[in-house]
Amino acid sequence: MTVYLVGAGPGDPGLLTVRADAVLRRADVVVYDRLSVEALLDLAPVGAERISVGKAVGRVTMPQEQINGLLVELAGRHDTVVRLKGGDPFVLARGGEEAAALAEAGVPFEIVPGITSAIAVPAYAGIPVTLRHSSTSFTVVTGHEDPEAGVDGSVDWRAVAQVGGTILILMGVARIARIADELMAGGLPADTPVAAVRWGTRPEQHTVRATLGTIGEQPLAAPSVIVVGEVAAVDLGWFDRRPLFGRRIVVTRTRQQASQLASALREAGAEPIEVPVIEVVDPADGGAALRAAVTRLSSYDWVVVTSPNGATRLLAALPDARAFGTAKVAAIGPGTAAALAAGKVRADLVPDRFVAEALLDALPDGPGRVLLARAEVARAVLPDGLRARGWEVDVVAAYRTVPATISHEQREAVATADVVTFTSSSTVEHLLAALGTGGLPPTIACIGPVTAATARDRGLDVAVEAPVHTIDGLVAALVEWAGS
């Protein structure tokens, strides 16, 4: 058994360390605070227990002493306990107290450092904490002082003012007016630049710029990193200039497939909200028809696959790639071709447009035999068109989609988002069945014409339709929409 005190970094999931990622992926239980983002919790195994002990201003879910005891107690029942803490566990995060409690109880533990918000948040706001000619040092100070120290607090802010360089204040929003007064009393001019960066490194990041003399009048909110010094006037902004910055975009793909789109949206500056509306399961026959078809693959001239899910299911049923014999393989698009390639099967044909009509046009005329592995419910365009062109077509259900459970929190997240994305007709149908048209964001984005047609047929106004029917094409279309 081991308890891992893991730094989650400042908020951007991309700043999680390699070691932290590895530990999370084998966690039996994750104890996390309010600064942990859901995308990081999703790294833990599905069956891992997740326990929130988050603290906010004026609200404490669990006192620190109880958290310490909880970690000791969990270690007695689990092999791998992860204590996920915002930033770095040993930088103003009380990780030292938790480690001491574990050591006293004889519980093995490991510290996994994280990127501290004191450095990362200013960087994401375009503020270097040091500059060669104006600030050659920085001081990190907590603004959340020991309440037992009395009204004057436990930090000598006048002494801090004398240190020079940049001052980085964590958890200081509630006391910033008094802190500013003390820093000025210690000798810092009233016109000293100040920047307060809230939710730094996340799509909702917001920066308030002021001076020591005016910062107390600003409408600040936690969590914020407050930068005091000449560097606070520097604006080398980059993060908030990303094309989808601040947009909250719903991803409706299955949980297993959502990460690709979520990652691409995050790279463009958006906040992806993962709300899987479908699950991919075995077809009604349990996959019997697909397994039977695989035993006679070599008898077909073409094996046609129309989705990554179909490709994955086909490969799972395949005992040996040599079973294809001389049969050629057609994939409806690059995503399906990539799924086949993951199983060492290279598609012989991928149409220029990634829809059934284009695949039908790209395939030669019959006669011959075609195996079409696809969803249990799908359009008849491809099988009917192939038969009309002289092919004998066997259609087998490789999978089916069923509705996923959508929680109350997810429903609220969808309703308050800016955009919802649909990557298949089934995602449209299942989300509408769960929420209706009244519970959707104002902007509808679809991966291609078939999905868009389904959305319009259901009464939705499609604002974004990707001309290139891939995940990258959908993100590019959203970027163009946002810039228009």
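**Reading a sheet and a loop residue**

Modeller: Please note that this is a predicted model.

Biologist: Which residue of strand 12 stands opposite Leu170?

Modeller: Val225 in strand 12 is the residue opposite Leu170.

Biologist: In what order do the five strands of the open sheet lie?

Modeller: The order is 8-9-12-10-11, and the pairing is mixed. Strand 8 (138-142) and strand 11 (206-211) are the edge strands, each pairing on one side only. On average, neighbouring strands of this sheet are turned by 20° against each other, direction ignored.

Biologist: Which strands does helix 5 lie across?

Modeller: Helix 5 (residues 117-124) lies across strand 8, strand 9, strand 10 (193-198) and strand 12. Relative to strand 9, helix 5 runs at about 105°.

Biologist: Let us turn to a single residue. Where does Pro13 lie?

Modeller: Pro13 lies in the loop that falls between strand 1 (2-7) and helix 1 (18-24).

Biologist: Why does Pro13 count as partly exposed?

Modeller: Buried means under 20% relative accessible area and exposed means over 50%, with partly exposed in between. Pro13 has 22% relative accessibility, and therefore counts as partly exposed.

Biologist: With which residues is Pro13 in contact, leaving aside its neighbours within four places in sequence?

Modeller: Pro13 is in contact with Val37, Ala39, Leu40 and Arg266.

Biologist: How many residues apart in sequence are Pro13 and Arg77?

Modeller: They are 64 residues apart in sequence, and in space Pro13 and Arg77 are 29 Å apart, C-alpha to C-alpha.

Terms used:
Residues numbered from 1 in each chain as written. Predicted model: local features only at pLDDT ≥ 70, side-chain atom pairs only at ≥ 80, totals over all residues. Heavy atoms only, no water. Pairing = 2+ DSSP bridges. Helix = DSSP H or I, 4+ residues; strand = E, 2+ residues; numbered from the N terminus. Axes fitted to C-alpha atoms, helices over the stretch in contact; angles between N-to-C directions. Contact = heavy atoms within 4.5 Å. Buried < 20%, exposed > 50% of the residue type's maximum accessible area, 1.4 Å probe, protein only.
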